[in-house]
Amino acid sequence: MHTSNEKFNYPAFQFYTEFRGETVKLNEIEEKWQRKWAESGIFNADPDPSRKKFFITIPYPYLNGNLHAGHTRTFTIGDAIARYKRMKGYNVLFPMAFHVTGTPIIGLAELIASRDEQTFRVYREFHNVPEDVLPSLTTPERIVEYFSREAERDMKSIGFSIDWRRKFTTMDPAYQKFIEWQFRKLKEKGLVVRGSHPVRYCPHDENPVEDHDILKGEGATIVEYTIVKFVNDDGLIFPCGTLRPETVFGVTNLWINPSGRYAVFQVDGERWILSLEAGEKLKYFEKAVKKIKDVNPENLIGESVRNPVTGENVPVLPADFVDTDNATGIVMSVPAHAPYDYVALEELKRNADGKLKEIAKDIKPVVLISLREYSIPAKEIVDEMGIKSQSETDLLEKATKVVYRREFHEGVLNDRTGKYAGMKVSEIKDRLHEDLISMGVGDVFYEFSEKPVVCRCGTECVVKVVRDQWFLNYSSPEWKNKVLKLLDEMDIIPEAYRVEFRNKVEWLKDKACARRKGLGTRLPWDPQWLIESLADSTIYMAFYTIAKYINEGKVSAENLNDEFFDFVFLDRGNAEKVSETTRIPKDLLMEMKDEFEYWYPVDLRSSGKDLVANHLLFFLFHHVAIFPPEKWPKAIAVNGFVSLEGQKMSKSKGPLLTMKKAIQDYGADATRLYILNKASHLQDVDWRRKEVENTVNHLLRIIRLAERLAGKGGERKPIDRWMRSRLNRRIKEINLALDNIETRDAVNLIYYELFNDIRWYQRRGGKALFRDIVHTWARLMAPFTPHVAEEIFSWFNEGSVCTKEYPEWDENAIDDMVEAEEEYITDLVNDIREVAQLLRKDSPERVFVYVSPDWMREVVEIAKSGEDFRDAMKKVMQSEELRKRGKEISNLVRSIFDGTLNPVYSSINEREVLERERDFIMKETGCNELIIEPSESPSYDPEKRSRRALPGKPAIYVE
């Protein structure tokens with residue numbers, strides 16, 4: 001805590017009563033401190049071997065619009081941690097750059113150039129682009145120039161402590177040299193391969209698309225269905241798409257949608273019945289597909305087809321639940337194991353007539369999986385849930401998940417499956433998939449996990465099998481094992497998300513890493529291809545360490561070659577030879593190498609949870625591929641999304657709250673405080689205007705309180721011990737929260753819990769610690785509301801709060817007993833008020849407080865050392881005197897273990913505390929007389945209230 005006696009000086013600020021006036025005043029404070037930070041270069045970080053380093057990065061933003069509330073949340077968390085670590089004595093590097101490669105910026109330029117009405121509306125209304133500027137953003141270069149300038153201005157306006165000397169864009173020539181080097185390294189290791197793979201594909205752009213290119217459905221993955229070829233007597237194939245090929249052994253019939261549109265297609269020389277949607281999709285799968293004729297689905301119903309695995313004939317039946325836009329539009333029916341199938345079949349039995357009724361009535365579920373709890377799983381789950389109709393889709397989905405989950409984890413194939421009998425369901429899929437294809441009765445069909453998937457150009461995307469495409473070989477077991485090793489060694493915050501990362505790694509497939517169109521770096525060995533925009537943003541954190549030398553003009557792109565990057569980043573090669581080939585002076589070369597060695601690895605990568613499945617995953621894969629283990633990342637922190645007044649935000653459609661607008665309306669510090677306090681880690685934030693206004697007002701209350709207290713002092717009082725203990729306890733809790741990146745907990749403690757503590761101290765007549773409290777409070781606030789913290793701290797004339805030590809706690813100053821006594825008084829005052837309010841007595845005449853007897857405190861003292869109720873009772877009953885009290889003892893001990901009684905209170909000398917605080921209790925409750933009585937044999941107790949007294953919980957009678 002601060003004990004300085006330096007001259008104290010602060011201006012007497014006049015805060016307006018109008019909300020808008022207060023916001024303007026806060027903005028003036030913020031602008032002042034931003035100018036001071038910029039002039040001093042206080043956040044520029046250079047290597048200092050005498051200090052511990054902390055290298056923190058957040059994902060650089062994509063520049064197809066202004067920064068929004070989602071950026072605000074992720075970036076503010078990163079900035080708060082950077083500021084905290086700086087004040088903890090670390091040499092902190094917190095850099096920033098801009099992502100501009102890919103197709104979205106080109107697509108935006110084309111839309112603006114064509115004067116697209118929707119685009120103009122969104123960028124005027126939601127991105128706040130001025131009317132006179134928007135029509136000029138018709139080229140990618142102009143868009144990058146405009147939005148990079150705006151993004152930097154916004155990040156400075158909100159007070160991010162960034163080292164701007166290191167900024168770059170992903171189209172800078174020097175950065176492209178870095179990407180070329182990275183990809184040559186990956187190719188050398190066999191991690192970039194050429195082949196045919198399914199990709200998300202835009203037919204209009206004729207390009208594979210990744211998440212940054214997608215307008216809708218960016219989380220969609222490619223799902224591989226197994227096709228099982230059922231065939232009729234005429235050789236016409238009825239291909240069924242399934243995610244569970246093992247269920248082919250339990251097929252009782254096929255389903256088609258009687259309202260769907262079907263046709264006969266020639267597929268690689270075979271005749272297939274497909275929905276029209278499926279026929280279109282197959283054209284992108286490297287198959288020769290030709291439509292022969294349309295088919296009325298009514299003519300297919302009742303058809304008999306042969307199961308290619310069991311040889312059994314099964315009928316084709318109608319079902320409304322069949323989605324003709326999913327897989328082939330023809331579905332295998334396995335009523336023993338699929339709730340949808342069971343319900344559809346039972347409905348058909350009840351409602352069909354004629355030939356269909358005759359066919360359906362004889363169909364019985366065929367069980368192929370043994371499951372401990374069930375004989376016919378789908379039937380029994382459906383009966384349990386009371387499902388009667390195909391229209392009960394929510395219940396059917398739930399039932400399906402229950403059956404599939406249990407069968408996958410616990411199911412074993414029975415004798416009906418022949419040579420596969422005894423195999424676990426969890427192990428059969430891949431083997432049977434390959435067997436069906438090798439037997440000539442299976443194939444593959446690709447679908448999106450969610451639909452539609454729409455490119456930013458507005459075209460609906462498809463799954464396409466691309467020939468001679470360059471892929472990153474993420475499916476490599478060796479590569480995955482290295483990533484899993486890294487995951488085991490690094491910190492994942494929150495820890496619960498580690499499983500999610502492992503699952504994503506294990507399921508990751510090969511990814512297309514090159515495209516024909518867009519902005520980006522040319523693939524060095526095949527320049528007709530451009531490196532994909534997620535593939536070029538995986539290890540760029542290393543580039544931050546050398547970017548300032550490039551920006552200062554000491555090194556240019558022409559100087560950079562593979563020998564340079566090998567030497568600086570991988571410690572390979574000879575300094576003299578590298579200096580000769582790059583024409584970079586040896587001393588400068590060594591300085592750049594030392595800079596990288598000092599800062600790497602990344603200590604913390606903080607990001608939104610939407611990037612776990614792509615960017616963060618690739619960040620791990622590429623680091624383990626390129627760098628040695630000592631340079632692998634140390635930690636990743638993940639946070640949730642931000643919505644706006646209950647609606648999902650969209651950069652391309654709205655609604656959207658930009659960082660710029662939030663700062664203009666509410667000020668930087670209030671924006672920071674609100675978005676950090678609203679939710680913890682993975683919880684999503686819903687930005688609510690009224691709540692933000694409340695945050696502004698609370699921040700102003702804090703400033704006013706600090707202003708009132710800062711120049712005051714007074715004589716010491718007993719309450720000072722409580723305030724000193726409370727302040728040190730809060731400091732400890734705040735530090736522990738920030739060490740675990742629990743920014744919400746820290747914010748709540750500083751701005752709300754400590755605020756209440758200070759107000760209580762004030763109410764109790766405390767004054768002596770005012771100055772120390774404000775000095776400490778300003779430093780606690782500095783990572784979160786740095787402008788307000790600077791303003792308050794400036795009253796002490798000690799320089800910038802950013803450079804000061806973050807408060808540390810004194811364990812010896814934390815006094816549990818002093819805090820327990822104060823809590824005891826607070827609870828008593830509240831209890832008396834509550835009773836008086838029920839009696840409608842604003843100023844009670846007399847208040848009787850009945851204090852528990854010594855034997856009760858003795859019981860609690862003994863019992864609180866017990867491991868559980870039984871152990872505690874055993875210890876208490878060792879006392880002959882206490883044993884006499886029987887049931888009273890049992891009830892008292894039980895109250896400790898059910899949480900009714902706080903055992904800390906047993907050590908309080910209640911009568912002494914009550915006598916000491918008599919005047920305060922009377923003042924707070926408005927009573928004229930306070931009488932303290934023993935609970936055993938009190939002199940006055942007309943309603944027998946004294947019986948309720950417990951240690952630390954006195955009984956009360958008010959009259």
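**Salt bridges, a buried aspartate and a pocket**

The structure holds 83 salt bridges, a salt bridge being a side-chain nitrogen of Lys or Arg within 4 Å of a carboxyl oxygen of Asp or Glu. The model is predicted, so local features need pLDDT of at least 70 and side-chain atom pairs count only at pLDDT 80 or more, whereas totals for chains, interfaces and linings use all residues. Residues are numbered from 1 along each chain as its sequence is written, and side-chain values use heavy atoms, with hydrogens and water left out.

Side chains of opposite charge can pair when their charged atoms come close. K548 lies in helix 15 (residues 541-551) and D46 in the loop between helix 1 (19-40) and strand 1 (53-57), so the pair ties together parts that are 502 residues apart in sequence. Here helices (H or I, at least four residues) and strands (E, at least two) are DSSP runs, numbered from the N terminus. K548 is buried, with a relative accessible area of 6%, while D46 is partly exposed at 34%; buried means under 20% relative accessible area, exposed over 50%, and partly exposed in between (1.4 Å probe, protein chains only).

The side chains of E917 and R916 also meet in a salt bridge, at 3.0 Å, N to O. E917 is buried at 9% relative accessibility, and R916 is partly exposed at 41%. Elsewhere, salt bridges that share partners join R726, R729, R730, E733, E753, D757, D816 and E819 into one network.

D510 presents another arrangement. This residue lies in the loop between helix 14 (498-507) and strand 21 (511-512). D510 is buried yet has no salt bridge, and the nearest side chain of opposite charge, K480, is 7.4 Å away; Lys and Arg count as positive and Asp and Glu as negative, with His and the chain ends not counted. The side chain of D510 reaches the backbone nitrogen of Y474 at 3.3 Å. Beyond its neighbours within four places in sequence, D510 is in contact (heavy atoms within 4.5 Å) with H197, F471, L472, N473, Y474 and S475.

Finally, the second largest pocket is lined by 17 residues, of which D831, K953, P954, A955 and I956 are the closest to its centre. Helix 27 (816-838) and strand 31 (955-958) are the elements that give two or more residues to this lining, and helix 27 gives the most, with 7 residues. A pocket is, on a 1 Å grid over the protein atoms alone, an open set of points where a 1.4 Å probe fits, with protein on both sides within 12 Å along at least five of seven lines; lining residues have an atom within 4 Å of a point.

Note on methods:
A polar contact is a pair of N or O atoms within 3.5 Å; within protein, one must be able to donate a hydrogen and the other to accept it, and residues adjacent in sequence count only if both atoms are side-chain atoms.
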